[in-house]
Amino acid sequence: MRVRNLLLEIGCEELPAHFVTSGIEFLKEKLPQEFESNFLPPSSVEVFGTPRRLIAVAYDVPEVQPDREELLVGPSLKAAFDAEGRPTRAAEGFARSKGVSVEELITVENPPGKRGTYVAVKKVVKGRSAVEVLRELLPKLILSIPFKKSMRWGTKKIRFGRPIRWIAAVYGGEPVEFEIDGIVSSNISYGHRFLSPEPFVVEEPAEHLEKLEERFVVADQEKRRAQILDGAVSLARRVGGHLLKDEELLEEVTNLVEFPYPILGSFEEEFLKLPKEVPVVVMKDHQKFFAVTDEAGNLKNYFVGVANIKPVDDSTVRRGYEKVLRARLKDALFFFNEDRKKRLEERVPKLEGIIFHEKLGTMLQKTKRLEGLAPWVAEVTGLGSEGESRRAAHLCKADLLTEMVNEFPELQGTMGKYYALLDGEPESVAVAIEEHYLPRFSGDSVAKTAAGVALSVAEKIDNLTGFIGVGLKPTGSADPFALRRNALGLIQTLIENELFLDILEAAREAARLYGEQGIELVREAPEETAEFVKERLKNFLKEKGFRPDTLEAVLAVTHDPYDAFLRAKAVEKLRENPEFEATLITMRRVVNIIPEGFEATDFTPQGEFEENLFNAFKELQSKLNKLISERNYTEALLQVSSLKPAVDAFFDNVMVMDRDPQVRNRRLSLLKTIADQLLKLIDFSKLAI
């Protein structure tokens, strides 16, 4: 079968950097799927992106779909034929719609997506040409690219991340023609907006990236990234410094330019008097500049900006960069000096004027709740430092009232730390103020100090319980209060710090503190909060490689993330033991035979097999309780296997569901007592064999 290469380029107004990333990821995943489902599988796919274009290249796309036999499923057999075997209107209508007679209908068992017997038709479908398929497929693919926010323009009939200006679609050197809201695809592309805006003809997809580079467009994002990083590192070395590593900024800048040109700039040393994070945030978040440090990691008064054009004179662009940065840093220095005129302690009462949420009170009320919850967390987790965590909780939101945080919200917590230190607060308190927001994003570090961990956990428990308690749980992809991130941050903090905390108990304490302030949460708020966290924990541990049934078995018996992690590790470790499956089968027999809702009553075992099982259980029970209290779950699970011979003998020789209700109740009570003990470890009924 003959094959050809396809190139698709969507040219548009400048996309935000994260739109470029999401567009590339979508096309990498979706394009091969769409081609496969249309029987035109490419040998490989490459996707590239810049602010002005998304490019997909599919190699070795067949020229024609293969002829194929398709199964067209109709109504169920019962609906298609009556009791005498005569065809119904449903059968006749289905046959007519498919161009066949009723006699040509066949029956199929359990067709895809259905259960039971259905009538169907097998038809040979002749393959269509790739060009014909692509004319239909590509417009749908383009318009299905998801963006966080899309725009309408022109006739306002379609939406895209930014207005589309051209579409180049070339298959085997020939344009694939289609139209999207008046924009007709062609074999024409464009170079850099300023350096080479003239149109040029796209011929062979494999050569397209080279032609773009000749026109000052580096379409390969990995190549742009390397050029930016190499150039910035080289410029930093020129002034005896090192580029401050920032993958997030590098990713963003890579997708802000088509023709990267790093430029070194500087600023006055007086701005180094500011806390290091201030100039870094000003440079990164407001100017997209890379910071430069010395060998010890101290900030130097240099930066690297990345232009989207190679200027005739670097100094002109450099002076522009420096002028803008200088103005921002002057503002920051002014805010810093103004903020120092008032202690954090003095700002706390004014938190009454900031609404945390209309249903959850003010930021001062939140502060008061944290003053109660953080020491409670410190105590129950064994962290200690109750006094430090209470003091940190008292001050942790005060920097929201500073000029610096008002201007640079990214610095909340960080400025609180510095102002606390300047106010003479203990370092542990100051660090906890900064740490209580951690982790701020995926991959960020978690709180590590005792007071910081206690306050970080309290912050997240308060947020989760409060918002869930007033009915603001996330729905679908919408999560306006970042509750999923709060839950994940809570899980990471507890597991990485190896801390045990029952989330249900913590949520109950949080709900109690809300209640003391007269803020009403739904009665089920603690339980809903614990379940919400457990769902996030399940996903978190799945990504770590744990089996779904292991997690179901573990999360059925604990609300503690770190405890669940240890139990899951123990189960997964013992799965490697060939004897574990046999033990599992036996323990499942114990659990599964007990009727739903059955409660054990007092009993005295009778007969050899009941007595042997009861004695074996009593001998095991004390060992299990000790091992579980020590959280030695691996050994506890190993000990369970010692019960197997007695359980097997019991089931082989005793009729549990005896006709005599007293006998049946006695035997079920024995098994229920054993099952309740096993449930202190894991729910064996949920483990797959």
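Biologist: Is Cys396 buried or exposed?

Modeller: This is a predicted model, in which local features need pLDDT of at least 70, side-chain atom pairs count only at pLDDT 80 or more, and totals for chains, interfaces and linings use all residues. Residues are numbered from 1 along each chain as its sequence is written, and side-chain values use heavy atoms, with hydrogens and water left out. Buried means under 20% relative accessible area, exposed over 50% and partly exposed in between, with a 1.4 Å probe and protein chains only. Cys396 has 0% relative accessibility, so Cys396 is buried.

Biologist: How many disulfides are there in the whole structure?

Modeller: A disulfide is a pair of cysteine sulfur atoms within 2.5 Å. A search of the whole structure for such pairs gives 0.

Biologist: How is the aromatic pair of Phe289 and Tyr321 classed?

Modeller: Rings of Phe, Tyr and Trp (its six-membered ring) pair if their centres lie within 6.5 Å; planes under 30 degrees apart are stacked, over 60 edge-to-face and the rest tilted. The count by this rule is 15 aromatic pairs. For Phe289 and Tyr321 the centres are 4.9 Å apart and the planes make 55°, and the pair is tilted.

Biologist: Where in the chain do these two residues lie, and how many residues apart are they?

Modeller: Helices (H or I, at least four residues) and strands (E, at least two) are DSSP runs, numbered from the N terminus. Phe289 is in the loop between α8 and β15, and Tyr321 is in helix α9 (residues 314-339). The pair links distant parts of the chain, and the separation is 32 residues.

Biologist: Which class does the pair of Phe336 and Tyr419 fall into?

Modeller: Phe336 lies in helix α9 and Tyr419 in helix α14 (residues 414-422), so the pair ties together parts 83 residues apart in sequence. Phe336 is buried at 12% relative accessibility, and Tyr419 is buried at 3%. With 5.8 Å centre to centre and 25° between the planes, the pair is stacked.

Biologist: The charged end of which residue sits over the ring of Phe500?

Modeller: A charge sits over a ring if NZ of Lys or CZ of Arg is within 6 Å of the ring centre and within 35 degrees of the ring normal. Phe500 forms one aromatic cluster with Phe546, Tyr562 and Phe565. At 3.7 Å from the centre of the Phe500 ring sits the charged end of Arg631.

Biologist: Which element gives the largest share of the lining of the largest cavity?

Modeller: On a 1 Å grid over the protein atoms alone, a cavity is a set of points where a 1.4 Å probe fits but cannot get out, and lining residues have an atom within 4 Å of a point. The lining includes Val280, Met283, Lys284 and Phe289, and its classes are 7 nonpolar, no polar and 2 charged residues. The largest share, 3 residues, comes from α8.

Biologist: What is the volume of the largest pocket?

Modeller: A pocket is an open set with protein on both sides within 12 Å along at least five of seven lines. Grid points are joined across faces, edges and corners, and a volume is the space filled by probe spheres set on the points. By this definition the volume of the largest pocket is about 1600 Å³.

Biologist: Which residues are closest to the centre of that pocket?

Modeller: The largest pocket is lined by 45 residues. The largest share of this lining, 5 residues, comes from α8. Closest to the centre are Glu410, Leu411, Arg440, Phe441 and Asp444.

How values were computed: Nonpolar A, V, L, I, M, F, W, Y, C, P; charged D, E, K, R; others polar.
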